[in-house]
Amino acid sequence: MIERTQGTASGPRVTVLELQQPVAAELKKVQEELSRFFVADVGLINEISRHMLTSNGKRFRPTLLLLAHRLKAAPGQDAVVAATIVELVHTATLVHDDSIDRSFLRRGIPTVNSLWNDQTSVIMGDYLYSKAFFLLVEYGLYEVMSILARTTHRMSLGEMRELEHKLRFDLDEDVYTRLILEKTAVLLSAACEIGGYLAWGDGVERGKLAEFGTQLGMAFQITDDILDIEGDAQAMGKSTGSDIRDGKITLPLVQALRNAPPRIKDRIRELMSAPDMGAAQAREVAAYSAEYGGLDYARLRAGEYADRAREILAGFEESPARETLLRAVDYVLDRRQ
């Protein structure tokens with residue numbers, strides 16, 4: 001049995017590589033399939049694809065899918081293909097997000113929009129989405145396609161909802177919760193649900209794993225919002241405070257605005273509404289998020305979602321895959337990038 005540990009200043013943190021060990025052979029095949037699926041008869045697509053493959057992202061969502069499947073049995077070819085397609089969808093969202101947010105680095109590597117342009121970035125993201133669904137049809141994974149069609153639809157709603165609520169300083173936690181559910185948690189949920197479906201079919205395990213992924217995804221995004229305020233820019237491979245500069249009202253700010261006196265609320269509005277907001281102003285807003293309880297509250301809420309994810313896993317038979325998924329919960333809460 002793998003003993004669960006929570007990272008501390010003096011203790012070890014769970015790494016993605018640890019989580020990937022039980023499915024390392026399958027993830028190697030995922031990487032091979034990605035290299036194959038990215039190829040097209042358009043030179044520009046191949047050029048961008050080579051650049052994107054060099055970043056070799058964390059592959060967290062394919063890892064979850066394969067681990068969910070391994071709760072019952074070793075993943076086969078369908079699971080490998082599905083995991084690859086989930087990564088294609090995730091990559092498409094990142095390419096679009098970087099263009100929308102005007103991000104220049106991701107994981108320390110220049111983004112597609114920074115090396116080419118926004119138009120190319122958007123079209124490349126569209127290509128990846130279309131390629132994902134083309135492959136689902138080609139491999140006959142129709143139920144997986146149904147799951148991902150529903151998921152990508154909800155992700156689009158979440159992205160639009162985020163734009164709609166930019167600089168909405170009256171944003172409440174219920175709206176924020178729905179926003180991050182649609183924007184982030186649904187894809188982690190889909191990855192886990194697909195792994196469950198390919199292992200158990202329409203059994204109750206499928207629904208349980210979908211809910212596990214939802215709870216994990218909520219904890220993941222809240223932690224991401226915390227990292228944007230207090231994270232290590234070098235470790236993350238991108239600048240901190242980008243959400244603040246983009247006018248996004250994340251949970252730490254929602255709570256800080258609840259607690260702050262009127263003059264501080266007015267100061268936060270003034271800083272974030274300025275068209276030329278810089279790093280120093282973003283740091284001031286971040287400091288208010290910490291001072292007025294936003295970060296502590298966000299950590300509490302992330303922990304509550306994580307606890308619910310662990311409770312769901314308790315209903316599965318003890319196995320190395322279950323212990324690794326429990327460690328994935330620890331990773332989400334304690335990650336630094």
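This is a predicted model: local features need pLDDT of at least 70, side-chain atom pairs count only at pLDDT 80 or more; totals for chains, interfaces and linings use all residues.
Let me start at the end of helix α5, where the helix is followed by Arg 102, a residue whose phi is positive, near 55 degrees; helices here are DSSP runs of H or I of at least four residues, numbered from the N terminus. Residues are numbered from 1 along each chain as its sequence is written, and side-chain values use heavy atoms, with hydrogens and water left out.

Helix α5 itself covers residues 77–101, and its 25 residues, at 1.5 Å a residue, should span 36 Å, which agrees with the 36 Å between its end C-alpha atoms; the expected span is taken as 1.5 Å times one less than the number of residues. Of those 25 residues, 21 are buried, so α5 is largely enclosed by the rest of the structure, where buried means under 20% relative accessible area, exposed means over 50%, and partly exposed is in between, with a 1.4 Å probe and protein chains only.

Two other residues also have a positive phi. Arg 59, which is not a glycine, has a phi of about 55 degrees and lies in the loop between α3 (43–55) and α4 (60–70), where it counts as buried at 11% relative accessibility. Leu 167, again not a glycine, has a phi of about 60 degrees; its place is in the loop between α8 and α9, and with a relative accessible area of 30% it is partly exposed.

Now to the aromatic rings. How many aromatic pairs does the structure hold? There are four, counting rings of Phe, Tyr and Trp (the six-membered ring for Trp) whose centres lie within 6.5 Å, with planes under 30 degrees apart called stacked, over 60 edge-to-face and the rest tilted. Phe 37 and Tyr 139 form an edge-to-face pair, 6.3 Å centre to centre with 65 degrees between the planes. Because Phe 37 belongs to helix α2 (residues 24–37) and Tyr 139 to the loop between α7 (118–138) and α8 (142–164), this pair ties together parts that are 102 residues apart in sequence. Phe 37 is buried at 3% relative accessibility, whereas Tyr 139 is partly exposed at 29%. Trp 200 and Phe 316 form a tilted pair, with centres 5.9 Å apart and 55 degrees between the planes. Here Trp 200 is in helix α9 (residues 173–200) and Phe 316 in the loop between α16 (294–313) and α17 (320–334), so the pair ties together parts 116 residues apart in sequence. Trp 200 counts as partly exposed at 23%, and Phe 316 as buried at 9%.

Ring pairs also link Phe 60, Phe 220 and Tyr 331 into a cluster. Which charged ends sit over the ring of Phe 220? That of Arg 61 does, 5.4 Å from the ring centre, and so does that of Arg 335, at 3.7 Å; the criterion is NZ of Lys or CZ of Arg within 6 Å of the ring centre and within 35 degrees of the ring normal.

Turning to charge pairs, a search of the whole structure finds 28 salt bridges, each a side-chain nitrogen of Lys or Arg within 4 Å of a carboxyl oxygen of Asp or Glu. One of them joins Arg 13 and Asp 334, with the closest N and O atoms 3.1 Å apart. Since Arg 13 lies in the segment before α1 (16–20) and Asp 334 in helix α17, this bridge ties together parts that are 321 residues apart in sequence. Arg 13 is partly exposed at 34%, and Asp 334 is buried at 16%. Another joins Lys 248 and Glu 162, at 3.8 Å from N to O, and both of these residues are buried. A further salt bridge pairs Glu 173 with Arg 258, their closest N and O atoms being 2.9 Å apart, and it links distant parts of the chain, helix α9 and helix α13, 85 residues apart. Finally, Glu 143, Arg 150, Glu 193, Asp 202 and Arg 206 are linked in a network of salt bridges.
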